[in-house]
Amino acid sequence: MRDDQRMSLVNFSGQNVVEFTITGFDHLPYHKLMGTVILLAYCLALLGSTTNICVISTDRRLHRPMYLLICNLALVDIMFSTSASTTMISVLLAGDKTVSYNSCLSRVFIYHLGDITQCLALSLMALDRTVAISKPLRYATILTNQRVFLLVVVSWLLGIACIGKLAYIADQLPHCQPVIKYIFCDYAAFIRAACVDPAPYWFVPSIIALWLIAGQLPLILLSYGKLVFTVLRLPSTEKGGRTFRTVISHFIPVVCYYAPKLVSVLLTRVGVRLNLTERNALLIISTLVPSLINPSVYCLQNKEIRGAVLRCVWGWPA
C-alpha cells in the first residue's frame with residue numbers, strides 16, 4: 001500500500017459498517033418500470049448465455065476452439081450481468097436497499113472480474129478469427145482445444161490477480177457512513193463510500209483501465225483490420241461476403257463493450273463531468289447491453305449453433 005494511502009487510514013477515527021444502503025435510484029421516478037425493464041433484459045441475457053453454454057457443452061460437434069471461446073464468453077456474461085443486475089432488481093422491485101459488507105465486497109470482485117475477463121475473451125475471439133481466416137489451412141494445428149483452454153485459464157488467472165488487488169485495497173478502507181450513492185457495488189462506489197480521500201486509490205484501477213483500452217483495444221482493432229484486408233482479397237465474391245458478415249457480427253460485441261468506456265474517457269478528457277444519473281445510465285448500459293447482445297449475435301449469426309438449438313428444442317434437422 002502506498003504512503004499516502006497509509007496516511008489516510010491513520011487519520012481515520014470512525015467505525016466500519018456491516019451493511020450498506022444503495023441510494024442511487026432514490027432521486028429517480030418509475031422504480032417499478034425501470035426494475036421491470038432491467039429484469040427483462042437480465043432474463044433474456046441469462047437465457048441466451050445459458051442456451052449457448054448448454055448447446056455447446058452437449059453437442060460434441062461443437063467442441064472446437066471457436067465454440068469453446070463462445071462458451072467462455074457466455075459464462076463471463078452471466079457472471080458480469082448477475083453481479084450488478086441482482087442488486088438493481090432487488091432495490092427497484094423488492095424495495096430492499098441494503099446489502100451486507102461482505103456481499104458488497106464480493107460483488108465488487110465478481111463485477112470487475114467479469115469486466116476484465118470479458119475484455120480478454122473478446123481479444124481471444126479476435127485472435128481465433130484472425131487465425132481462422134488468415135491461415136485456414138493451419139488453423140487446426142495452431143489453435144487446438146488444449147491451447148485455447150490454456151489461454152482461457154490464463155485470462156481468468158490474470159483477471160483474478162488484477163481484481164484481487166483491487167478487492168484487497170477496497171477491503172482495507174474504513175467506512176463510517178453505510179451509504180452507497182450509486183446503483184450497485186463496484187470499486188468506484190465502494191471507494192467513494194469510505195471515510196478517506198479517494199484520489200490515491202484510483203492509481204491501480206487507472207493502470208488496469210489503461211491496459212484494457214490502450215492495450216487490448218488496439219490489438220483487437222488490428223486483428224479485425226487484418227481480417228477485413230484478407231476478406232477483400234478473397235477471389236470468391238460469395239465466400240468473401242459470407243466471411244465479411246461473420247467479421248462484422250464478431251465486431252458488434254467489441255463495439256458494445258468498449259463504446260460506453262470510450263464515451264466516459266472522452267467526456268472526462270474534454271472536461272465534462274458526469275452527474276450521478278448520467279454515470280448510472282452508463283453503468284447500466286455497459287453492464288446489460290453486452291450481455292444481452294453477445295448471445296444473440298453468436299447464436300443467431302452462427303448456423304451450427306442455430307442448428308443445434310433446433311435439434312435440441314424441436315428435433316429439426318440441422
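The paragraphs below lead through this predicted model, from the whole chain to one of its helices, then to its charged pairs and a patch on its surface. Because the model is predicted, local features need pLDDT of at least 70 and side-chain atom pairs count only at pLDDT 80 or more, whereas totals for chains, interfaces and linings use all residues. Residues are numbered from 1 along each chain as its sequence is written, and side-chain values use heavy atoms, with hydrogens and water left out.

The protein chain holds 11 helices and 3 strands, where helices (H or I, at least four residues) and strands (E, at least two) are DSSP runs numbered from the N terminus. Read from the N terminus on, the order of these elements is α-β-α-α-β-α-α-α-β-α-α-α-α-α. Of the 318 residues in the protein chain, 45% count as buried, a word that stands for under 20% relative accessible area, while exposed stands for over 50% and partly exposed for what lies in between (1.4 Å probe, protein chains only). Among contacts with a separation of 6 or more, 80% join residues 24 or more positions apart, a contact being heavy atoms within 4.5 Å. The protein chain exposes about 16200 Å², of which carbon and sulfur atoms supply 67%; accessible areas come from the Shrake-Rupley method with a 1.4 Å probe, and for residues only the protein chains shown count as cover.

With 30 residues, α3 reaches 42 Å from its first C-alpha to its last, close to the 44 Å expected at 1.5 Å a residue, the expected span being 1.5 Å times one less than the number of residues. A kink of about 35° is centred on Thr82 in α3, the bend at a residue being the angle between axes fitted to the seven residues ending there and the seven starting there. The helix is mostly covered, since 23 of its 30 residues are buried. Leaving aside neighbours within four places in sequence, Thr87 is in contact with Ile22, Arg107, Ile183 and Phe184. Just after α3, Gly95 takes a positive phi of about 70°.

Side chains of opposite charge can pair when their charged atoms come close. The whole structure contains 5 salt bridges, each a side-chain nitrogen of Lys or Arg within 4 Å of a carboxyl oxygen of Asp or Glu. In one of them Arg61 pairs with Asp59, with 3.2 Å between the closest N and O atoms; Arg61 is exposed at 53%, whereas Asp59 is buried at 11% relative accessibility. Another joins the side chains of Asp186 and Arg279 (3.5 Å, N to O). Asp186 lies in the loop between β3 (179–180) and α7 (187–192) and Arg279 in helix α10 (residues 276–300), so the pair ties together parts that are 93 residues apart in sequence. Asp186 is buried at 3% relative accessibility, and Arg279 is buried at 19%.

On the surface, Phe149, Val153, Leu157 and Ile160 form a nonpolar patch with about 380 Å² of accessible area together. Patches are made of residues with over 30% relative accessible area and no salt bridge, like charges being joined within 9 Å and nonpolar side chains (Val, Leu, Ile, Met, Phe, Trp, Tyr) within 5 Å. Phe149 sits in helix α6 (residues 145–171) and counts as exposed, at 57% relative accessibility.
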